[in-house]
Amino acid sequence: MSSETIALNAVGEGSRPIGERLHDWVVTVDHKKLGILYIVYALLFLLIGGIEAMIMRIQLIVPHNHFVSPQIFNRMMTMHGTTMIFFMVMPILFGFGTYLIPLMIGARDMAFPRLNAFSFWMTAFGGVLLYFSFIGGNGLYGAGTAPDVGWWAYAPLTARAFSPGHSTDFWTLALLVSGIGSVGTGVNFIATILCMRCPGMTLGKMPLLAWLNLVVGGMVIFCISPLTAAQIMLLIDRYLGGHFFDTQAGGSAVLWMHFFWIFGHPEVYILVVPAFAFVSEIVPVFSRKPIFGYPIMVAATIAIGFISFSVWAHHMFTVGMSSYGNSFFVFTTVAIAVPTGIKIFNWLGTMWGGKIQLQVPMLFCIGFLFQFLIAGLTGIMLGTAPFNWQLSGSYFVVAHFHYVIVGGIVFALFGAFYYWYPKMSGRMYSETLGKLHFWLFIIGFHLTFDFMHIPGILGMPRRIYTYEPGRGWEIWNLVVTIGVFFQIAGVLAFVTNLLWSLWKGETAGNDPWDAWTLEWSTSSPPPDYNFAATPVVRSRRPLWDLKHPEDPDWKYE
Amino acid sequence: MSSATVTRNTAQPAWVLPSRGRVGMFSLIGAESAIFTIFVVAYIFYLGKSVSGPMPADVLELPIFSTVCLLSSSLTIHLAVRGLRQAKVGAFGLWWFLTLALGTIFLVSTGREWHHLIYDKGLTVSTNLFGTTYYSLVGLHAFHVTVGLLAIALTMTLTLLGKVKPEHGERAEVFSLYWHFVDVVWVIVFTVVYVIGR
C-alpha cells in the first residue's frame with residue numbers, strides 16, 4: 001500500500017520560467033493546487049476582512065470618535081461580514097476539503113476536476129466583484145461605493161430608493177456568483193466521497209473528515225441554493241421593477257428575512273462542521289488514541305445537518321412571530337445543542353486517558369473545545385425567545401457569534417494549518433513561533449470577545465458607529481479594541497511562520513505526526529498522482545495497521 | 001458492544017461504487033429543487049396579495065397542449081437512452097430529435113403565452129405581485145428548459161456528425177435525469193400556478 005517510496009518529481013521545477021509556472025496554477029485542475037489556491041485566496045481575504053474589523057474597533061475605542069464617518073463604518077461592517085463568511089471562511093474550508101478529501105480516501109483526484117476548477121474561479125471572481133464595488137459602486141447616480149446594507153441586506157434597505165447606485169448590485173452578484181461556485185463544490189464533495197473511495201474503504205471506514213465533509217456537501221447544496229434564489233428575486237426587484245420585497249406593492253420584508261436565514265443558519269453549520277472535522281482528525285493523533293465513539297460522531301453530524309435546516313427563525317424572534325412559531329424555533333434550537341454536545345463529549349472521551357502531546361495543532365484544538373463550549377452555551381441563551389427579546393440586536397449577539405466563528409472555527413482552522421502544513425509544503429513549521437501565535441491569539445481573543453458580552457448586556461446595540469459617554473460602556477470597548485491588537489500580533493506570527501518555514505523549515509518527511517490516515521502514506525508534498533499504487537484499506541486507521549501488523553485495527557472493527 | 005457470532009465472508013467482493021455522474025446529477029437536482037422550492041413558496045405566499053389587477057383568474061388559461069408535449073418528452077428521452085444503451089444509434093437519434101421538438105414546442109408555447117399576457121393583458125413583471133412571482137417562477141422553469149434544449153441540440157448535432165457512440169449511454173442517461181427533473185418541476189408549477197393559484 002504505502003511501502004513503496006515515491007521520489008519527489010520536483011526536479012527542475014525551479015528552473016522553469018515563472019510565467020510558465022503561474023500559467024500552471026491558472027489552468028490547473030489538480031485538487032491539491034486548487035486547494036492551495038483556495039487557501040491562499042482566503043488568507044488574502046482574511047487580511048482584508050481583518051483590516052475592516054480593525055477599522056471598526058478603532059472607531060469604537062472611545063465614545064464620539066471621529067476615526068471614520070458613519071457611512072464608512074456601515075461599509076466596513078457590511079464588507080467585513082460578507083468577506084469573512086463568503087470569501088474567507090468558506091473558501092478556506094473548501095480549500096482544505098478539496099486538498100484533503102481525495103488524499104484521505106485514497107483517490108487520484110476529485111470526482112469532477114474541471115468542475116472543481118470552475119468552482120474555485122467562480123468563488124474568486126465573486127470576491128473580485130465584491131471589492132470592485134469600491135470603484136464601480138458609484139454607478140450613474142454617483143451615490144454609494146461599497147455595499148452598506150449589512151451582510152444580511154434586509155429589505156427595504158436594498159430597495160432602489162435606499163440603495164441607489166450599484167453597491168447593492170455588486171453585493172448581490174458577488175454572492176450569486178460565488179454561490180454557484182459553492183454549489184459546484186458541494187456537488188463535487190458528495191460525488192467524490194461517495195464514488196471515489198479506494199478499495200476496502202466502506203462508508204464506516206472513512207476518516208471522519210470525509211464523513212463530515214459529506215454532510216457539509218449536502219448542506220451546501222440545500223442551503224446555498226435558497227440564497228441564490230433570494231438573490232435572483234432581489235435582482236428582479238432592482239432591475240425589472242419586481243415587488244418581491246417591496247412592501248408598498250404588497251411585498252414582504254419579512255419574507256426576505258426568512259429566505260436569508262433559511263440560508264443563514266445552515267451556513268453556520270457549513271462553517272463549523274469542517275472545523276469539527278479538523279478537530280476529529282487532530283485530537284486522536286495528539287492523544288495517541290483512536291477517536292472515541294466514531295458511529296455516534298457520524299450520527300451526531302447527520303443529525304446536525306438535518307436539524308440545522310429547522311432553526312433559522314431564531315434569528316427573528318424580535319420580528320413578531322406567533323407564539324407557536326417562537327416555541328417551535330426555541331425547541332429546535334435547543335435540540336441542536338444535543339448532537340453538538342455529544343461531539344464535545346466524544347472529543348473529551350478521545351483525550352481521556354490518552355498520551356496528550358501539547359504541540360501547536362493540539363493546543364488550538366483544546367482552545368477550540370473550551371471556546372466552542374462557551375459559544376454553544378451563549379447560543380442556548382440567545383436561542384431562548386424571552387432572553388433573546390432582551391438581548392437581540394445587542395453586542396451580546398456579536399460576542400456570541402464571534403465566539404463561534406473565531407473561538408471555534410478559526411481556532412480549529414489554525415490547528416488544521418499547523419497539522420497539515422508539513423504535508424502541503426513538505427516543511428515543518430517553527431514550534432516556537434506557533435506557540436507564540438497560539439498564546440498571543442488566545443489572549444487577544446479572550447480580551448476582545450469575553451468582554452464584548454458585557455456592553456451587550458449593558459444595552460449597547462450592535463451596528464452603531466459611535467456611542468455616548470457615561471453609560472458604562474467605555475472601559476469594555478477599550479479592552480475589546482486592545483484585544484484586537486494582540487490578535488493581529490498573533491496572526492503576524494502565524495504568517496511569518498508560514499512564510500519562514502516554507503524556505504527554512506526542516507524537511508517534514510511523509511509522516512511527521514505518526515498519524516493514521518492515508519494522506520500521511522504519500523510523500524510531502526504529495527506527487528501529482530497522489531498514490532503510486534491505489535491503496536487498499538481494511539480499517540479506519542490504515543497506517544496503524546501497516547505500522548502494527550501484530551495488532552491491526554481491522555481485527556476489532 | 002453485545003457479542004454475536006459472525007461468519008466472515010472471506011471471498012473479496014468486487015469493489016463497486018456508485019456512478020459519479022448519477023451522484024453528481026442527483027446532487028445538482030437537489031440544489032435546483034431548493035431554488036425552485038423558494039420560488040414556489042414565494043408564489044404561494046403572495047397568492048391574492050396583489051394590490052392591483054390583473055389577477056390570475058382573469059388572464060391565465062390552462063396550457064394543456066404544451067404540458068402534454070413537455071411530459072411526453074420525458075418518455076421520448078427515456079426511449080432514446082434505452083436505444084443508445086442497446087447500441088441502436090439510429091433509434092437514439094430519432095427519439096432524441098423528438099425530445100428536442102417537443103421541448104421546443106413547449107418553449108414556444110410559453111413564449112406565445114407571455115406575448116399574449118404582455119401585449120393583450122398588460123401584465124408585466126412590474127405590474128403587480130402576481131406578475132412578479134408568475135414571470136419569475138415560470139421564467140425560472142423556462143430557463144431550465146432552455147438550458148436542457150441547448151444541451152439536447154448539442155447532442156443532436158454530435159449525433160448527426162456521427163460522434164455519439166453506444167459507450168455514451170451513461171452520459172445520455174445522466175442528462176435525461178435532468179430532463180425528467182425539469183418535467184417534474186413543471187408538474188408542480190402547473191399545479192401551483194394554473195390549478196391552485198387560479
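Helix α3 of chain A has a kink of about 40°, centred on Met84(A), where the bend at a residue is the angle between axes fitted to the seven residues ending there and the seven starting there. The model is predicted, so local features are reported only at pLDDT of at least 70 and side-chain atom pairs count only at pLDDT 80 or more, while totals for chains, interfaces and linings use all residues. Residues are numbered from 1 along each chain as its sequence is written, and chains are lettered from A and ligands numbered from 1 in the order in which they are written. Helices (H or I, at least four residues) and strands (E, at least two) are DSSP runs, numbered from the N terminus.

**Helix α3 of chain A**

- The end C-alpha atoms of helix α3(A), residues 70-104, are 48 Å apart, which agrees with the 51 Å that its 35 residues should span at 1.5 Å a residue; the expected span is 1.5 Å times one less than the number of residues.
- Of the 35 residues in α3(A), 29 are buried, and the helix is thus mostly covered.
- A residue is called buried if 20 or more other C-beta atoms lie within 10 Å of its own, exposed if 12 or fewer, and partly exposed in between, with C-beta atoms placed from the backbone.

**Nonpolar cores**

- A nonpolar core is a set of buried Ala, Val, Leu, Ile, Met, Phe, Trp, Tyr and Cys residues joined through C-beta atoms within 7 Å.
- The largest such core has 206 residues, and those with the most contacts inside it are Val273(A), Val279(A), Phe364(A), Ile409(A) and Ala412(A).
- Helix α13 of chain A (residues 395-425) supplies the largest share of this core, 22 residues.
- Another core, of five residues, lies apart from the largest one and includes Phe73(A), Met76(A), Met77(A) and Met79(A).
- In soluble globular proteins, nonpolar side chains tend to be buried together.

- Phe364(A) is located in helix α11 of chain A, residues 360-383.
- Phe364(A) counts as buried because it has 28 C-beta neighbours inside 10 Å.
- Leaving aside residues up to four places away in sequence, Phe364(A) touches Phe411(A), Ala412(A), Phe414(A), Gly415(A), Tyr418(A) and Phe438(A); two residues are in contact if their C-beta atoms, placed from the backbone, lie within 7 Å.
- His402(A) is 38 residues from Phe364(A) along the chain, and their C-alpha atoms are separated by 16 Å.
- With residues up to four places away in sequence again left out, Ile409(A) touches Val89(A), Leu271(A), Val272(A), Ala275(A) and Val404(A).

**Backbone geometry in the loops of chain A**

- Most residues other than glycine have a negative phi, and most peptide bonds are trans.
- Ala153(A) has a positive phi of about 50° although it is not a glycine, and it is placed in the loop between α4 and α5 of chain A.
- Ala153(A) is buried, since 23 other C-beta atoms lie within 10 Å.
- Pro156(A) lies in the loop between α4 (113-136) and α5 of chain A, and the peptide bond from Ala155(A) to Pro156(A) is cis, with omega near 5°.
- Arg288(A), also not a glycine, has a positive phi of about 55° and sits in the loop between α7 and α8 (294-307) of chain A.
- Arg288(A) counts as partly exposed because it has 13 C-beta neighbours inside 10 Å.
- The peptide bond from Ser524(A) to Pro525(A) is cis, with omega near -10°, and Pro525(A) belongs to the loop between α15 (474-504) and α16 (542-547) of chain A.

**Contact between chains A and B**

- Chain A contributes 30 residues to the contact and chain B contributes 26 residues.
- On the side of chain A that touches chain B, α5 (167-195), α6 (208-240) and α7 (253-287) each supply at least two residues.
- The largest share of that side, 10 residues, comes from α6(A).
- The residues on that side of chain A comprise 21 nonpolar, eight polar and one charged; Ala, Val, Leu, Ile, Met, Phe, Trp, Tyr, Cys and Pro count as nonpolar, Asp, Glu, Lys and Arg as charged, and the others, Gly among them, as polar.

**Chain B**

- Chain B has six helices and zero strands.
- Buried residues make up 36% of the 198 residues in chain B.
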